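Trainee: Could you go through this one with me? I'd like to start with how the chains pack and then look at a single residue.

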Amino acid sequence: MPGRSDIQTFELRTATREEMIDITPQVRSAVKRSGVSDGICCLYCPHTTAGVTIQENSDPDVKADMVAHLNRVVPKNAPFRHDEGNSDAHIKSSIIGATATLIVEDGKPLLGTWQAVFFCEFDGPRERSVRIKVVPG
Amino acid sequence: MPGRSDIQTFELRTATREEMIDITPQVRSAVKRSGVSDGICCLYCPHTTAGVTIQENSDPDVKADMVAHLNRVVPKNAPFRHDEGNSDAHIKSSIIGATATLIVEDGKPLLGTWQAVFFCEFDGPRERSVRIKVVPG
Amino acid sequence: MPGRSDIQTFELRTATREEMIDITPQVRSAVKRSGVSDGICCLYCPHTTAGVTIQENSDPDVKADMVAHLNRVVPKNAPFRHDEGNSDAHIKSSIIGATATLIVEDGKPLLGTWQAVFFCEFDGPRERSVRIKVVPG
C-alpha cells in the first residue's frame with residue numbers, strides 16, 4: 001500500500017476513436033489505497049488528445065450523445081493545418097479538460113447521486129493512463 | 001464553526017432552465033467559516049446538468065450572451081438519443097465543468113478584479129447544491 | 001525564496017487578440033521556487049477573457065488550429081448584447097477554464113510527454129498575470 005502522498009497510476013485500453021469510459025471504480029480504489037480519509041483528489045490525464053470529466057452513467061445514451069455532439073461542434077474534417085489528422089481531438093481535450101479535482105470524504109470520492117468519473121478518448125484506440133494524487137486536508 | 005477540513009454545502013434554487021447565478025458571497029462565507037487562512041478551495045457541483053465557472057459579473061449581458069451562445073452551440077433539439085430531453089444540459093455541464101479550484105489568501109478566495117464565481121444551471125428550475133472543501137497549505 | 005505556501009505570480013504580455021502562449025517554463029520555475037517536493041499545483045488565471053489549458057506544444061499548428069476553431073465555434077460577431085465587443089472572449093474563457101491543477105512530483109509539475117501548459121489569450125493584446133499556489137501533500 002502506497003503512502004498517502006504517493007502518486008497512483010492506472011492504465012486503460014480504449015477501443016474506438018472516441019469514447020467515454022467510466023473510471024469511477026479505479027478512482028475509488030486509488031482513493032482508498034491512498035489511506036487519506038479527508039482531503040481532495042486530483043485526477044490528471046497526461047495525454048493531449050483525451051480528457052477527464054464528471055458525468056452521468058445511468059443512461060448510456062448520455063455518453064453517446066456527448067461524443068456525437070462534440071463531433072458536430074469540432075468535426076474531424078474541419079479545415080485544420082496540423083497534419084496528423086487529429087486536431088479535433090486536441091481541441092476536444094482542451095474543451096473537456098485534462099484535470100478534475102474531487103473532494104474526498106471518509107476515504108471515498110464525493111460524487112453526486114448520478115455522477116461518475118469518465119476518461120474521454122478522442123483519438124483512440126490507444127493505451128492510456130490516468131494519474132491520481134490525493135492530498136489530505 | 002466547522003474545523004478547517006470540514007466539507008461545506010450550500011443550497012440554491014434556480015429559477016429558469018438555463019441561468020448563471022453569482023455564488024461568490026456563499027463561497028466567501030464558506031472560506032471564512034473554514035478557518036483556513038492560506039491554501040486552496042475546491043468547488044464541487046454534484047449535478048450532471050449544471051456546472052461552476054469563473055466569469056465577469058459587472059455587465060449582466062455577459063451572462064446572457066454566454067447562456068444564449070451555449071444554446072447555439074449545443075441546441076436542446078439537436079438529434080439526441082437520451083430520452084429525457086436534456087442531453088444538451090449534460091454536454092454543457094462537461095464543457096463548463098463540475099469543479100473549480102481557487103487559491104485562498106488571508107482567509108479569502110483570490111479573485112481577479114472582474115471575476116465572480118457562478119453556478120451554471122442548464123436544466124432548471126431545480127433545487128441545487130454546491131460542495132466546498134478548503135485545504136490549507 | 002518564498003515559503004512553500006506563498007502565492008507566486010508571473011506577468012506576461014500577449015501580442016495579438018487570440019493566442020496560446022507556452023508558460024511551462026514559468027510554471028516549472030514557480031514549482032521549484034515553492035520548495036514543495038510533492039503535492040499539487042493550482043494555476044489560476046485572474047482574467048475573464050483568458051484561460052489556462054494543457055496541450056501539445058510540439059507542432060505549432062495545434063495551437064493555430066485550436067485558436068481558429070474556437071473562433072468558428074464562438075465567432076466574435078455572433079449576435080451578442082454585451083457592448084464591449086468581447087463576449088466571444090468571455091465565453092471561450094469559461095469553455096477553456098480559468099484554473100488547472102497539476103500534480104507535483106520531485107519538485108516538478110508532472111506533465112505527459114507531449115504536454116505543455118498554455119496561457120490562452122482571447123481578448124489581447126494585454127498585460128496579463130498568472131497566479132500559482134503549490135500545496136504539499
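Trainee: How much area is buried between chain B and chain A?

Mentor: Bearing in mind that this is a predicted model, the area buried between chain B and chain A is about 2500 Å², and carbon and sulfur atoms give 63% of that. On the chain B side, B:Tyr44, B:Thr48 and B:Ser94 lose the most area to chain A, together accounting for 23% of what that side buries.

Trainee: And how many residues does the contact take from each chain?

Mentor: It takes 32 residues from chain B and 33 residues from chain A.

Trainee: Which side chains meet in a salt bridge there?

Mentor: The count between the two chains is 1 salt bridge, in which the side chains of B:Arg81 and A:Asp61 meet at 3.3 Å, N to O. There are also 15 residue pairs in polar contact between chain B and chain A, counting those with both residues at pLDDT 80 or more.

Trainee: Which element gives the largest share of the chain B side?

Mentor: That is H3(B), with 6 residues, and the residues of the chain B side that touches chain A divide into 18 nonpolar, 10 polar and 4 charged.

Trainee: Switching to chain C, is C:Val27 buried or exposed?

Mentor: C:Val27 is buried, because its relative accessible area is 0%, and this residue is found in helix H1 of chain C, residues 24-34.

Trainee: What is C:Val27 in contact with, leaving aside neighbours within four places in sequence?

Mentor: On that basis, C:Val27 is in contact with C:Phe10, C:Leu43, C:Leu102, C:Pro109, C:Val117 and C:Ile132.

Note on methods:
Residues are numbered from 1 along each chain as its sequence is written. Chains are lettered from A and ligands numbered from 1 in the order in which they are written. This is a predicted model: local features need pLDDT of at least 70, side-chain atom pairs count only at pLDDT 80 or more; totals for chains, interfaces and linings use all residues. Side-chain values use heavy atoms; hydrogens and water are left out. Helices (H or I, at least four residues) and strands (E, at least two) are DSSP runs, numbered from the N terminus. Buried means under 20% relative accessible area, exposed over 50%, partly exposed in between (1.4 Å probe, protein chains only). Contact means heavy atoms within 4.5 Å. Buried area is the accessible area (1.4 Å probe) that two parts lose on being put together, summed over both. A salt bridge is a side-chain nitrogen of Lys or Arg within 4 Å of a carboxyl oxygen of Asp or Glu. A polar contact is a pair of N or O atoms within 3.5 Å; within protein, one must be able to donate a hydrogen and the other to accept it, and residues adjacent in sequence count only if both atoms are side-chain atoms. Ala, Val, Leu, Ile, Met, Phe, Trp, Tyr, Cys and Pro count as nonpolar, Asp, Glu, Lys and Arg as charged, and the others, Gly among them, as polar.
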